[in-house]
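This note is intended for a colleague who is meeting the structure for the first time. Please read the numbered points with the sequence and the structure in view.

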Amino acid sequence: MGTMLTINDINVFYGAIHAIKGVSLEVNEGEIVTLIGANGAGKSTILRTISGLLKPKTGSIQFEGQEIAGMPAHEIVKTGISQVPEGRRIFAEMSVLENLELGAFTRKDKDGIKADMELVFERFPRLKERIGQLAGTLSGGEQQMLAMGRALMSRPRLLLLDEPSMGLAPLLIKEIFTIIQDINKTGTTVLLVEQNANMALSIAHRAYVLETGRITLSGDAKELAASDEVRKAYLGG
Amino acid sequence: MDFLHQFVQQLINGVSLGSIYALIALGYTMIYGIIKLINFAHGDIYMVGAYIGFFAITRAGLSIVPALLISMVVTGILGMIVERLAYKPLRHAPRISVLITAIGVSFFLEYASMYFVSPTPRTFPEVIPSVAFNVGPFIVNGQQMLIMGITLVLMLILTYIVQKTKLGKAMRAASFDVETAQLMGINADRVISFTFCIGSALAAAAGVLVGVYYNSIDPLMGIMPGLKAFVAAVLGGIGILPGAVAGGIILGVIEALVSGFISSTFRDAAAFAILILVLLFKPSGIFGKNTREKV
């Protein structure tokens with residue numbers, strides 16, 4: 001198991017605002033790594049920088065040995081990284097099927113796409129039932145499943161998940177997290193951003209804690225979950 | 001009976017005029033849909049299309065359909081060039097800067113055309129025999145048939161492209177959410193460029209058809225139809241393709257009815273009164289709906 005993603009000392013700005021201050025982190029092949037922290041700490045900004053929606057001012061991001069910092073987002077998808085954006089961002093006015101097809105936009109292997117779509121339907125049977133329905137008519141949980149299925153359609157080796165639990169009922173959150181673990185077990189590396197630190201730490205192998213643009217703690221997820229510092233700040237005592 | 005007769009006749013005139021508005025409005029609405037820009041130069045693109053068609057017929061001696069196709073291709077490329085040079089550098093600029101640039105492009109096209117083809121109006125050659133068909137008691141002339149026929153064909157092609165092709169899917173995705181479209185691997189710049197190409201080609205078709213219909217073209221001919229098509233796009237719901245078509249036809253019909261029953265001097269007033277009414281009572285347009293987000 002080698003290192004898949006290496007972020008080295010990146011600085012990201014929103015205009016004059018210095019959002020990410022010298023962050024370095026690593027994701028190894030086969031891991032679930034989670035990035036936890038309060039609202040506004042910069043978790044999403046890091047994911048958006050990896051996927052190319054934002055460009056770091058300085059620093060490097062290497063994916064499987066290839067420098068991807070500064071590459072346009074639509075090229076980064078082709079390298080094997082796929083992002084499930086915060087708030088799901090499904091194409092509400094298109095059908096479930098079209099959403100999934102868009103997930104495979106960069107691929108040309110028709111048979112492979114078809115096979116992967118079957119896999120997505122196996123994982124999310126409810127999407128198959130709603131295949132012709134407009135995505136905007138799905139429930140919040142189903143939309144999250146669609147966003148995940150859509151991301152899987154590009155057959156990523158690294159899946160970036162941004163707040164998958166947002167706005168979902170506790171039972172659904174559990175279901176989604178079980179699916180994330182499942183996706184990981186079948187060979188996809190996961191980088192997970194969550195405000196629900198409890199859930200995130202329960203499925204992750206390793207974790208980083210982010211505070212106002214800086215990484216303040218990192219280590220084994222179980223150990224972090226047990227540490228006083230993390231418990232006080234993020235797990236409600 | 002006489003009233004009904006005239007009403008239906010004006011309806012026919014209105015639909016053919018409305019088809020022209022619809023073709024222009026489609027470009028407005030597609031471009032707005034994808035980069036949220038009211039492209040005020042769009043009416044002038046239509047004018048350039050009319051001139052290219054004019055020269056293809058008079059200088060190259062082509063008949064109407066090849067001239068129309070050449071005009072659409074050349075104007076489509078012009079649209080892409082305009083986007084690349086004038087709008088792409090402003091992709092992350094405030095919307096007002098892009099809007100002002102569009103007005104600048106509009107003036108540029110108008111006055112560059114005056115320089116190159118002279119401001120004198122030109123008489124568009126008669127490309128199809130002026131025949132009139134009697135449909136029951138009503139009269140449809142050859143030009144009207146041509147306009148309605150070509151508009152219908154172009155709309156079917158456009159619908160196919162947007163609904164069935166991969167590029168069409170990319171266009172719809174990007175106009176719904178550019179950022180997420182990029183996460184799917186869609187090259188937004190390419191989609192935007194393609195959208196300008198199609199929108200400009202449709203405007204060019206409208207330009208040539210208007211030349212055929214009214215027999216006269218001049219470098220400032222795009223101003224009024226450009227504004228009217230903008231009204232049509234807003235009436236139908238800006239950003240929505242079927243809305244642009246419906247808005248264009250409705251506007252054409254209303255104008256024809258006002259000209260026929262009240263006075264043609266009120267025609268333009270009626271069109272802009274519609275804009276005011278739509279903005280007052282249903283700013284999202286006929287087909288527009290309030291977008292809601294599920295949490």
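Which residue in E2(A) is the bridge partner of Asn11(A)?

1. The model is predicted. In it, Lys21(A) of E2(A) is the bridge partner of Asn11(A). The strands concerned are E1 (residues 3-14) of chain A and E2(A), which pair in the antiparallel sense over 9 bridges.

2. These strands belong to an open sheet of 4 strands in chain A, ordered E2-E1-E4-E5 with antiparallel pairing. Its edges are formed by strand E2 (17-28) and strand E5 (66-67) of chain A, each of which pairs on one side only. Helix H1 (residues 43-50) of chain A packs on the sheet and touches E1, E2 and strand E4 (58-63) of chain A. The direction of H1 makes about 65° with that of E2(A).

3. Chain A is assigned two domains: domain 1 (1-80 + 157-237) and domain 2 (89-155). Their centres, taken over C-alpha atoms, are separated by 23 Å. Domain 1 of chain A contributes 9 residues to the contact and domain 2 of chain A contributes 7 residues. On the domain 1 side, helix H2 (73-79) and helix H7 (170-185) of chain A each supply at least two residues, and H7(A) gives the most, with 3 residues. By class, this side has 7 nonpolar, 1 polar and 1 charged residues.

4. The contact between the chains takes 22 residues from chain A and 16 residues from chain B. H2, helix H3 (96-103) and helix H6 (140-152) of chain A each supply at least two residues of the chain A side. That side divides into 8 nonpolar, 9 polar and 5 charged residues.

Conventions:
Residues numbered from 1 in each chain as written. Chains lettered and ligands numbered in written order. Predicted model: local features only at pLDDT ≥ 70, side-chain atom pairs only at ≥ 80, totals over all residues. Domains from an automatic or database assignment. Contact = placed C-beta atoms within 7 Å. Nonpolar A, V, L, I, M, F, W, Y, C, P; charged D, E, K, R; others polar. Pairing = 2+ DSSP bridges. Axes fitted to C-alpha atoms, helices over the stretch in contact; angles between N-to-C directions.
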